[in-house]
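Dear colleague,

I am handing over the structure we spoke about, and it is shown just below. After it you will find what was found, grouped by topic.

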Amino acid sequence: MDRVLSDKKAIILMVLPALIIFVSVVFIPVIWTFVYSFYSGMPGLKFQFTGFSNYINMWSNEQTMDAIKMNWKYILIVTPGQIGLGLLVSLMMYFSIKKYKTLCRTIVFIPTVLPTVAVAQMFAKMYEMVPNYGLINSLLNLVGLDQWIQPFLGQPNTAFAALCAMDVWTAIGFYTVIIYGALVDIPNELLEAARIDGASGVKLFTKIVLPMIRTIMITCLVFSFTGTIKLYESATALTKGGPGFATTSMTMNMYQNAFLYDEYGYASTVAILILIQCLLVTFLINMLSREKY
Amino acid sequence: MEREASVKKAFSIIGKLLIVIFLFIEIYPIFWIFMSSLKSTQEFNLTASYALPAKLHFDNYVKAWYQGKMNIYFKNSAIVTIVSLFFIILFGTTSAFALTKMRWKLRDKVMKIFLSGIMIPTAVVLIPLYSMYKGANLLNTRLSLILTYIAFGLPLTVFLLRGYLTSLPDDMIEAAIIDGANIYQVFSRIVLPLMKTGIVTVAVIQFYFRWNDLIFSSTFISNTNMKTVQTGLLYFSDMYGNRDWGAIFACISISVLPTLIVYIFLNKMVIEGMTSGAIKG
């Protein structure tokens, strides 16, 4: 038995190809980026070991600081938006729909599977004002709110809001389905018992439902956070980071430093900063959620 | 009591109404895209953009497909996606099997290496990968994307397949070994058929991740003839997006269509697969 199950040749044959590709495409580059983050310039072009100076200079680099600020503002709006609305819709589905639950779930999930670029291009056309009104401006025109008609992607504030709205729209369905799955798993007797004891509405939600779906809500929080902190594709395809740098995320800042300014070293430092934030906040969420109860 | 029942009923109706409105908001833009892709250029100038097309203009698709080079992008995306899917499944199933059911010393360590990949943001590997592919003359090749997609597909694949494999009883494998089967036979004749659902689920979610990728394809590919659907769409929209709305809507529709078709047929599996990546991760 053991002889067959610990056949060395078979193990090597089965694991090694995957391991080689994974290690050389993911694992080594991470270490490589870490090493690069202590250099300035790019290989072959004034590439110099500069110690921690990238990590220090970063704090006075306005573009990077703006990107960090913008990215965190985005996280603080989009993550609660995605999860909060997901929770709201899943509660409505759970409590007010009897028939067609599966159909609802199937429809709600559709935006999740669409390519980010296609969704962004679709929204770009919805927000358009010149040469033709896009969907939103046409609808504003239809209901007589002409004073609200504006180039949504041409102004810093509205462009940022437009990006947030799009990324919330795309992900609500995903969180709705996950949270709905947790709601369905709550034993019916528990809800009935609480109702007989007189709990209803808000009380039923905070005392019974919320504690029961707590774990899944934390999972959603981590998932949404790790998604929003990596913001790149949707913003690139919607606004290219503009107007100005109004929608430039940390990853986009890294990208510009690397492939526009040829500063591989500095860009690597920004990349490491993203990784650190990602790991740190995930760790924090998991720790805090464990401590409370 | 009666009043309470009527309040409840009112709430239920409001809830239903809100859900219908919400579903409409989630679906209507997609409908709008397909509808707009069938409009003529004058219609965009003359009628409101929520209006239905007066006549169905399929020319936009012809334009998108040939002038917009969607035919080339589509082919590139299809090749890159299918080839990387094949290897993700091949390497993923074999290594998940060796990492869960076989017995060896470094097993848990290797598992940890794979699972660590789930948390890595793509930004962290982009510069070294670009340098690597540049050095190896792999920029602007499909191989650069295929290699990257395989590597980034593996962690989640191994993780999800491990879940399917652990629920598979060891007795069956042991019985087969007692009957004289070697390890390859155990894998191909017993384990593989039992993993069918898991494999299809993994394939479906990986299809979405690879088909929808932008960051890798836009970094490694600059040659127009090697672009994928997503990078091609962005490129086309930069070049002609403002002038030719019909064609850009047709391009968007073409990029969306495969993802919707897969979803229509396999929606249960898609939902289960995509959410399990979050729930179990």
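**The contact between the chains**

The contact between the two chains takes 78 residues from chain B and 76 residues from chain A. On the side of chain B that touches chain A, the residues divide into 55 nonpolar, 19 polar and 4 charged. Please keep in mind throughout that this is a predicted model.

**The nonpolar core**

The largest nonpolar core has 155 residues, and those with the most contacts inside it are F123(A), A271(A), I274(A) and C251(B).

**Helix packing in chain B**

With helix α10 (residues 196–211) of chain B, α7(B) packs at an angle of about 150°, and here the axes are 10 Å apart. Because angles over 145 degrees count as roughly antiparallel, α7(B) and α10(B) are described as roughly antiparallel to each other. The crossing in which α7(B) passes α10(B) is right-handed. On the α7(B) side the contact is made by Y149(B), G153(B), T157(B), L160(B), L161(B) and Y164(B), while α10(B) contributes G198(B), V202(B), Q206(B), F209(B) and R210(B). By class, the residues of this contact divide into 6 nonpolar, 4 polar and 1 charged.

**Exposed parts**

In chain A, helix α9 (residues 188–196) has 9 residues, of which the number buried is 0, so α9(A) lies largely in the open. α9(A) is followed by G198(A), whose phi is positive, near 100°.

In chain B, A54(B) lies in the loop between α2 (41–46) and α3 (59–66). With 13 C-beta neighbours inside 10 Å, A54(B) counts as partly exposed, since a residue is exposed at 12 or fewer and buried at 20 or more. The C-alpha atoms of A54(B) and V200(B), which are 146 residues apart along the chain, are separated by 42 Å.

With best wishes

Definitions and conventions:
Residues numbered from 1 in each chain as written. Chains lettered and ligands numbered in written order. Predicted model: local features only at pLDDT ≥ 70, side-chain atom pairs only at ≥ 80, totals over all residues. Helix = DSSP H or I, 4+ residues; strand = E, 2+ residues; numbered from the N terminus. Contact = placed C-beta atoms within 7 Å. Nonpolar A, V, L, I, M, F, W, Y, C, P; charged D, E, K, R; others polar. Core = buried A, V, L, I, M, F, W, Y, C linked by C-beta atoms within 7 Å. Axes fitted to C-alpha atoms, helices over the stretch in contact; angles between N-to-C directions. Parallel < 35°, antiparallel > 145°, perpendicular 65-115°, else oblique. Left-handed = near helix turned anticlockwise from the far one by under 90°.
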